Amino acid sequence: MPVEITWWGHATCTVEDSGVRLLTDPLFARRLAHLRRRRGALPPPEAAEADAVLVSHLHADHLHLPSLARLAPGTRLLVPRGARRAVPGLARVAGARGLPVTEVAPGEEVGVGAGVRVRAVSARHDGRRLPFGPRLAPALGYVVQGSARTYFAGDTGLFEAMAEEVGPVDVALLPVGGWGPYLGPGHLDPAGAARALAELAPAAAVPVHYGTYWPIGLDAVRPHEFHSPGEEFARRARLLAPKVTVRVPGHGERVRLP
């Protein structure tokens with residue numbers, strides 16, 4: 001049975017495998033602080049329907065409390081270990097909405113539904129709840145194993161042990177950009193994501209984390225960093241990993257892989 005991926009924008013995806021729906025880093029806002037959604041309609045209410053939510057790290061565009069508040073009671077949250085201590089509002093939202101919270105660290109694995117397991121893996125990214133606080137929780141990626149093995153990288157830079165730690169996967173959801181004209185350390189641009197793809201060697205890949213949010217007033221500053229990362233990743237992937245099928249969905253589009 002193939003896995004189905006719906007990209008809602010930024011790092012938010014629905015992964016459907018073996019009848020289980022997993023939602024990654026839900027962000028359903030039109031505006032977040034100095035960022036506004038420039039492309040793609042706001043996700044519809046059904047985007048918040050999930051059996052479990054995978055939160056990669058504590059940054060507000062990945063752990064977005066108002067978006068978590070849209071989840072149905074009983075939706076399970078998988079978050080980095082230490083998230084409840086670092087973000088007190090998480091416990092308040094989870095308690096008010098009846099959302100069970102499971103904290104995980106790299107290497108830990110949990111079952112979700114019948115026949116699907118989720119394993120946390122490392123990411124190279126600043127996992128703090130910025131702009132405040134010490135580093136109380138790691139940044140994570142996740143490997144979803146059902147009928148297929150799907151790697152959601154979260155937000156990460158390329159690191160030496162990535163392919164070894166992630167292991168064999170069928171589908172990779174890789175970040176290829178960001179929300180501003182410049183990427184800092186701990187991120188993948190299209191070139192870095194293509195190198196990661198060559199090392200991971202999945203059957204298929206989908207670029208995420210680009211082309212959705214942008215700082216207000218900076219529309220004309222390096223606009224190619226907003227518009228081009230998805231297709232640029234696909235172009236570079238054809239050179240470095242020609243056996244991998246790359247799909248570049250539009251916002252709200254569902255693709256079936258591998």
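I start with T24, which lies in strand β3, residues 20-24. Strands here are DSSP runs of E of at least two residues, helices are runs of H or I of at least four residues, and both are numbered from the N terminus. This is a predicted model, in which local features need pLDDT of at least 70, side-chain atom pairs count only at pLDDT 80 or more, and totals for chains, interfaces and linings use all residues. Residues are numbered from 1 along each chain as its sequence is written, and side-chain values use heavy atoms, with hydrogens and water left out.

Is T24 buried or exposed? T24 counts as buried because its relative accessibility is 0%; the cut-off for buried is under 20% relative accessible area, with a 1.4 Å probe and protein chains only. The T24 side chain reaches the backbone oxygen of A11 at 2.8 Å.

Now the sheet. Seven strands form an open sheet with mixed pairing, in the order β9-β10-β11-β12-β13-β14-β16. Two strands count as paired if DSSP finds at least two bridges between them. The edges are β9 (109-111) and β16 (245-246); each has a single partner strand, so one side of each is left without a neighbour in the sheet. G111 has R117 in β10 as its bridge partner.

Next, β13, residues 171-175. Why is this strand described as largely enclosed by the rest of the structure? Because five of its five residues are buried. Both faces are covered, with V171, L173 and P175 on one side and A172 and L174 on the other.

As for its neighbours, β12 (residues 149-152) pairs with β13 in the parallel sense over three bridges, and T150 has V171 as its bridge partner. β13 also pairs in the parallel sense with β14 (residues 204-208), over five bridges. There, P175 stands opposite V208. From β13 the chain crosses through helix α5 (residues 190-200) to β14, a right-handed β-α-β crossover. Right-handed means that, with the strands pointing away from the viewer, the path from the first strand over the helix to the second runs clockwise.

Last, the lining of the largest cavity. Residues V176, G177, G178, G180, P181, L183, D189, P190, E225 and P229 line this cavity; lining residues have an atom within 4 Å of a point on a 1 Å grid where a 1.4 Å probe fits but cannot get out.

Conventions. 1 Å grid on protein atoms, 1.4 Å probe; cavity = no way out; pocket = protein on both sides within 12 Å on 5 of 7 lines; lining within 4 Å. Buried < 20%, exposed > 50% of the residue type's maximum accessible area, 1.4 Å probe, protein only. Polar contact = N/O pair within 3.5 Å; in protein donor to acceptor, adjacent residues only side chain to side chain.
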